[in-house]
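Subject: Structure handover

Hello,

Here is the structure I said I would pass on. Please look it over before reading my notes below.

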Amino acid sequence: LRVGSPSSAPSVPSPVLTFITVKSGKNLRVRDLLGRTSDPYVKLFLRRAGKEQPEQRTRVIFNSLNPVWDQQLFFACCPDDVLCVECWDSDSPDKDELIGRAEVLLSEACLTPLTSLDLCVTLDSDGGDLYLVLERP
């Protein structure tokens, strides 16, 4: 018996390039009460083994509760990662307000190479819905 041999080490899956397109939002929560609208943007980040990975975000769409971003971001994803989705209302530096958040377990997305998956993600706190596309090239 050899302690620490490669055969006794648990195998850790290698990250796989995954494109995530933030398509649009629908019926987002009003955060700008004067104008009865919001200036939404989306933050995406992965949680891997309990640790948050660097975030990426879409551009801001001004004065819309039904924004269309159609913006592609890419991540190096592992099967056990959790995709964290947050939608924010842009107001001014350090004063953005959360519209809602959700999580997607990538192990349940069952993505294989050359596949695409359309997702409707419902945000908590009656924040509305976000439409995403996950793709593995």
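The notes below go from the overall fold to the strands, then to single residues.

Overall

Please keep in mind that this is a predicted model. The protein has one helix and nine strands. Read from the N terminus, the order of elements is β-β-β-β-β-β-β-α-β-β. Of the 137 residues in the protein, 42% are buried. The accessible surface is about 8100 Å², and carbon and sulfur atoms account for 54% of that. If you take the contacts between residues at least 6 apart in sequence, 61% of them join residues at least 24 apart.

The open sheet

Four strands make up an open sheet, ordered S5-S1-S9-S8, with antiparallel pairing. S5 and S8 are its edge strands, each pairing on one side only. From one strand to the next, the twist averages 25 degrees. Within this sheet, strand S1 (residues 16–26) is joined to S9 by seven bridges, and the two run antiparallel.

Strand S2 and its partners

Strand S2 covers residues 40–48 and is mostly covered, with seven of its nine residues buried. Which strands does S2 pair with in the antiparallel sense? With S6 there are eight bridges, and Phe 45 sits opposite Cys 84 in S6. With S4 there are two bridges, where Lys 43 faces Arg 57 in S4. With strand S3 (residues 51–52) there are again two bridges, and Arg 48 stands opposite Lys 51 in S3. The hairpin of S2 and S3 has two residues between the strands, and Ala 49 in that hairpin has a positive phi near 50 degrees.

Positive phi in loops

Most residues other than glycine have a negative phi. Asn 63 is not a glycine, yet its phi is positive, at about 55 degrees. Asn 63 lies in the loop between strand S4 (56–57) and strand S5 (68–77), and counts as exposed because its relative accessibility is 58%, where over 50% is required. Asp 126, also a residue other than glycine, has a positive phi near 55 degrees. Asp 126 belongs to the loop between strand S8 (115–123) and strand S9 (128–136). With a relative accessible area of 71%, Asp 126 is exposed too.

A buried loop residue

Ser 90 is in the loop between strand S6 (82–89) and strand S7 (97–105). Is Ser 90 buried or exposed? Its relative accessibility is 19%, and the cut-off for buried is under 20%, so Ser 90 counts as buried. Apart from neighbours within four places in sequence, Ser 90 is in contact with Asp 39, Tyr 41, Val 60 and Asp 96.

Cysteines

How many disulfides does the structure hold? The count is zero. For Cys 78, the closest cysteine sulfur is in Cys 77, at 7.8 Å. A disulfide needs the two sulfur atoms within 2.5 Å, so that pair is too far apart for a bond. Cys 78 is buried, at 8% relative accessibility, whereas Cys 120 is partly exposed, at 44%.

Regards

How values were computed: Residues numbered from 1 in each chain as written. Predicted model: local features only at pLDDT ≥ 70, side-chain atom pairs only at ≥ 80, totals over all residues. Heavy atoms only, no water. Buried < 20%, exposed > 50% of the residue type's maximum accessible area, 1.4 Å probe, protein only. Contact = heavy atoms within 4.5 Å. Areas by Shrake-Rupley, 256 points an atom, 1.4 Å probe, with all protein chains shown as cover. Pairing = 2+ DSSP bridges. Axes fitted to C-alpha atoms, helices over the stretch in contact; angles between N-to-C directions.
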